[in-house]
Structures are given as structure tokens and as C-alpha cells.
Amino acid sequence: MRGVTVKIRTYQEEDQSAVIALWHACGLVRPWNDPAKDIERKVSMQPELFFVGEREGRVIATAMAGYDGHRGSVYYLTVDPACQHQGLGRLLMATIEQRLHAMGCPKLNILVRTTNETVLAFYRKLGYSVDEAVSLGKRLMPDD
């Protein structure tokens, strides 16, 4: 598939089933997160920061970003396993970094599970490093 153009664009409502299928294929979906609700929430807040990578009319990559006026964040960055190692993840991150920079975002934070060495290595290659911080979370509403 090398040499075939990839289009990075914002998410559209008709992408939902393809995006959710991709997230499942890439192991991103967790029992405590309803992917349709995650999409609905993102589309209601900064939908211009929800990206898909499309090749030959098929969604093969996604990334959600956000900016709260202090820090940027990235979630659901994924590339179809059959399309990995072709620079698409790097292209999505460059798109996000450019968009957030244009919004005045001074820093980008990314949460990665400590057991996901492959993804940690990917981000290190892009110049990211581990911050001396601990991520804390508290569920405010269930997705059931």
C-alpha cells in the first residue's frame, strides 16, 4: 500500500462504524468505555480536533486531540495493523502538533499504559519523554 495517498481529515458522522471497528481491531476498546459515547462526547467538544486517516475511501487511522487552554492531549491514536510502519502515526501526530501549536498550546501530554512498550517507543522516536508525574483518574459517570 505504499505510495497510495493518505488523507488526514476531520471525523464525520458517517465514519462512526469504521472508527469503532478500527478501535476494536487495534485493542483500544475497554469494557468501561463505550466507544460510541466517547465519539459523541468528542464531537460535542472540539470536533475539529478529531482526525481520521483515510486511504482509498477507508478509515485506517484515528486520533482525538484536545486543548484546555493550558495543555494539549491526545487519545485514540491508532493505525490499522496492516498499515502500520508506513509513517501514518507520525503524520497524525505532526498534524495534531501543528493544529495545537496554532491554537497557542504550549505543551502536549499523552497517556500511555506503562505496559505498552511499542507505543512508548513510538512516542520516544517523536521526541516525547516520560514526565515526572502520575496520572490520576476518577470516573464521574459510568458508560453502561
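I took a contact to mean heavy atoms within 4.5 Å. On that basis I looked up contacts in the protein with a separation of 6 or more, and residues 24 or more positions apart account for 63% of them. I note that this is a predicted model.

Secondary structure. I found four helices and five strands in the protein. Reading along the sequence, I wrote down the pattern β-α-α-β-β-β-α-β-α.

Overall dimensions. I checked the radius of gyration against the rule for a compact globule. For 144 residues the rule gives a value near 15 Å, and the protein has 15 Å, so the two agree. I also took the box along the principal axes, which the C-alpha atoms fill at roughly 40 × 35 × 30 Å.

Surface. I looked up burial and found that 35% of the 144 residues count as buried. The protein exposes about 9,100 Å², and I noted that carbon and sulfur atoms supply 54% of that area.

Charges. I have 18 positive and 17 negative side chains for the protein. The centres of the two sets lie 5 Å apart.

Cysteines. I searched for disulfides and the structure holds zero. C26 is in no disulfide, and the nearest cysteine sulfur to it, that of C83, is 9.4 Å away. C26 counts as partly exposed, at 22% relative accessibility, whereas C83 is buried, with a relative accessible area of 1%.

Definitions and conventions. Residues are numbered from 1 along each chain as its sequence is written. This is a predicted model: local features need pLDDT of at least 70, side-chain atom pairs count only at pLDDT 80 or more; totals for chains, interfaces and linings use all residues. Side-chain values use heavy atoms; hydrogens and water are left out. A disulfide is a pair of cysteine sulfur atoms within 2.5 Å. Buried means under 20% relative accessible area, exposed over 50%, partly exposed in between (1.4 Å probe, protein chains only). Helices (H or I, at least four residues) and strands (E, at least two) are DSSP runs, numbered from the N terminus. The radius of gyration is taken over C-alpha atoms; the globule rule is 2.2 Å times the number of residues to the power 0.38. Accessible areas come from the Shrake-Rupley method with a 1.4 Å probe; for residues, only the protein chains shown count as cover. Lys and Arg count as positive and Asp and Glu as negative; His and the chain ends are not counted. The place of a charge is taken as NZ of Lys, CZ of Arg, CG of Asp or CD of Glu.
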